[in-house]
Amino acid sequence: MKAAVLYRPGSADELILDERPIPAPADGQVLVRVRAFGLNRSELMTRKGLSPDVRFPRVLGIECVGEVENDPSGQYAKGQRVMAMMGGMGRDFDGSYAEYTVVPKAITYPFNSTLPWEILGAIPEMFQTVYGSLHLALGIKSGETLLIRGGTSSVGMLATQLAKNAGLTVIATTRNPQKEKALLDNGASHVLIDDGHLADKVRALFPEGVDKTLELVGTSTLGDSLHCIKPGGTGCMTGMLAESWSIADFAPMEFIPATVRLTIFDSGQIRSSVPVCQEFIREVETGQVKLAVSQVFRLDQIVDAHRFMKQNQGTGKIVVLT
């Protein structure tokens, strides 16, 4: 099989397309014929050597969609469509940047769909992250105001749609004024150009602040995002577009405004159910949700795909077909 192997951390050019034996699944594992996978900023960080405890060589990729090739337990028939994500994929063991991958059955979700692979490839981690952030972490309710910081990211674009469909007023941010129309067309009620200081801009729209904030940029803007929230509101840090894991000299009493709640969402810790995922796929099939796929690459274009991701050229998810 073909696999994009990272022998040492570094630039996108370090992703080498190699021929490797197709791996064999052990008990509790399944062999998946990978059909597509989405790219994630965490993979860019791992490629750079910024993910702790990752050993090389490694096949990156924290998610995929495809078909079961071999399930030793017999639970899945050959050809059953599945998605897999997180659980150590691409970090603790080889992930989805390959034509085949072996994953623990515990991180697989069976599904049925008529959607093409380039659309299905955008779903697993993006949907899990958005659903978990909005419903499990923030507990969104109709009539609330939601600030999405990092609105042109794939998670931000989907979160805007799902929040709007749930009856919320969405304020989305971008650093690029040329992407304002894309955010409005995607369902945002307001778009703010992010210069690193949004609190005054938010309160010009909503003097008391917003009910909820979804932080996708990360630690560099988290403090400012928390000051956009009204007393009793909640902020959820989910993304790290700024590629920073921590906050230097973190002082909670100074950093977090009084009565504002701060939480996180991590799909590696908490997941939605199989029926919830299947229902989301149905909503995409019927057009209730329109997935933003910025560009589709082939596996042999993985270097170009990583460069595209690094340059923040797209609006939405980057998908790779195998």
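Trainee: What do the buried residues of helix 1 pack against?
Mentor: Their partners are strand 1 (2-6), strand 2 (15-19), strand 3 (29-38) and helix 10 (302-310), where contact means heavy atoms within 4.5 Å. Helices (H or I, at least four residues) and strands (E, at least two) are DSSP runs, numbered from the N terminus. Do keep in mind that this is a predicted model: local features need pLDDT of at least 70, side-chain atom pairs count only at pLDDT 80 or more, and totals for chains, interfaces and linings use all residues. Residues are numbered from 1 along each chain as its sequence is written, and side-chain values use heavy atoms, with hydrogens and water left out.

Trainee: What makes helix 1 "mostly covered"?
Mentor: Seven of its eight residues are buried. Buried means under 20% relative accessible area, exposed over 50% and partly exposed in between, using a 1.4 Å probe and protein chains only. The buried residues of helix 1 are Arg 41, Ser 42, Glu 43, Leu 44, Met 45, Thr 46 and Arg 47. Just after helix 1, Gly 49 takes a positive phi of about 90°.

Trainee: Which kind of peptide bond runs from Phe 56 to Pro 57, cis or trans?
Mentor: That bond is cis, with omega near 5°. Pro 57 sits in the loop between helix 1 (41-48) and strand 4 (63-70).

Trainee: On to the core. What makes a set of residues a nonpolar core?
Mentor: The members are buried Ala, Val, Leu, Ile, Met, Phe, Trp, Tyr and Cys residues joined through side-chain atoms within 4.5 Å. The largest nonpolar core here has 40 residues, and those with the most contacts inside it are Ile 123, Leu 134, Leu 214, Phe 280 and Leu 291. Elements giving two or more residues to this core include strand 5 (81-85), helix 3 (124-137), helix 4 (154-165) and helix 9 (274-285). A second, separate core of 37 residues includes Val 5, Leu 44, Ile 107 and Met 309.

Trainee: Which residues is Leu 214 in contact with, leaving aside its neighbours within four places in sequence?
Mentor: Among them are Leu 134, Leu 138, Leu 146, Ile 148, Ala 159 and Cys 236.

Trainee: Why is helix 3 called oblique to helix 4?
Mentor: The helices pack at an angle of about 50°, with their axes 9 Å apart. That angle makes helix 3 oblique to helix 4, because under 35 degrees counts as roughly parallel, over 145 as roughly antiparallel, 65 to 115 as roughly perpendicular and the rest as oblique. Axes are lines fitted to C-alpha atoms, for helices over the stretch in contact, with angles from 0 to 180 degrees between N-to-C directions.

Trainee: What residues make up that contact of helix 3 with helix 4?
Mentor: They divide into nine nonpolar, two polar and no charged. Nonpolar covers Ala, Val, Leu, Ile, Met, Phe, Trp, Tyr, Cys and Pro; charged covers Asp, Glu, Lys and Arg; the others, Gly among them, are polar.

Trainee: How do you know what to call the arrangement of helix 3 and helix 9?
Mentor: Their axes come within 11 Å and cross at roughly 110°. That lies in the range from 65 to 115 degrees, so helix 3 and helix 9 are roughly perpendicular to each other. Phe 127, Gln 128 and Tyr 131 in helix 3 meet Val 276, Cys 277 and Phe 280 in helix 9.

Trainee: Last one: why does Thr 221 count as buried or exposed?
Mentor: Its relative accessibility is 9%, under the 20% cut-off, so Thr 221 counts as buried. Thr 221 is found in helix 7 (residues 219-226).
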